[in-house]
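Hi everyone, thanks for coming.

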Amino acid sequence: MPANPVRYGIPNPADPTVHDLPPVRFGAALVGVQVEMRRAEDGTWRGRLLFASPNAPAPLGTGEILCGASENELWESVRDLRDHHLRDLYRSLAE
């Protein structure tokens, strides 16, 4: 009996996935941070940051400013971001 080639539960890497990061403090408020990543048609991994502001009705998002040849490279660029970088990105979107 041939094996069923259809796999269930395996996500398409081109569909964006969202991962939570630790929140950053901006003034007196904590701002939630998420990274949305996907695999582009050319095979590179692209990502953008989403900020859940307590004052905004919807998350504020950057463009696809993160890029890597592999998913691990993309995560490396995320890990290299420090709190002050995230605060500055959030400030640029909120103002």
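Let's start with phenylalanine 26, which counts as partly exposed because its relative accessibility is 27%. Here, buried means under 20% relative accessible area, exposed means over 50%, and partly exposed is in between, using a 1.4 Å probe and protein chains only.

Before I go on, a word on the source: this is a predicted model, local features need pLDDT of at least 70, side-chain atom pairs count only at pLDDT 80 or more, and totals for chains, interfaces and linings use all residues. Residues are numbered from 1 along each chain as its sequence is written, and side-chain values use heavy atoms, with hydrogens and water left out.

How confident is the prediction? The average pLDDT of the protein is 86, and 86% of the residues score at least 70; pLDDT is the predictor's confidence in each residue, from 0 to 100.

Now to the rings. The structure has two aromatic pairs. In the pair of phenylalanine 26 and tyrosine 90, the ring centres are 5.0 Å apart and the planes stand at 80°, so this pair is edge-to-face. The rule is that rings of Phe, Tyr and Trp (its six-membered ring) pair if their centres lie within 6.5 Å, with planes under 30 degrees apart counted as stacked, over 60 as edge-to-face and the rest as tilted. This pair links distant parts of the chain, as phenylalanine 26 sits in strand β1 (residues 17-26) and tyrosine 90 in helix α2, 64 residues apart. Helices (H or I, at least four residues) and strands (E, at least two) are DSSP runs, numbered from the N terminus.

Is tyrosine 90 buried or exposed? Tyrosine 90 is buried, because its relative accessible area is 5%. Tyrosine 90 also forms a tilted pair with phenylalanine 51, at 5.7 Å centre to centre and 55° between the planes. Phenylalanine 51 lies in strand β3, so its pairing with tyrosine 90 in helix α2 ties together parts 39 residues apart in sequence.

Which side chain makes a polar contact with that of tyrosine 90? It is the side chain of serine 53, at 2.8 Å. A polar contact is a pair of N or O atoms within 3.5 Å; within protein, one must be able to donate a hydrogen and the other to accept it, and residues adjacent in sequence count only if both atoms are side-chain atoms. Serine 53 is found in the loop between β3 and β4 (60-61), and serine 53 is buried, with a relative accessible area of 11%.
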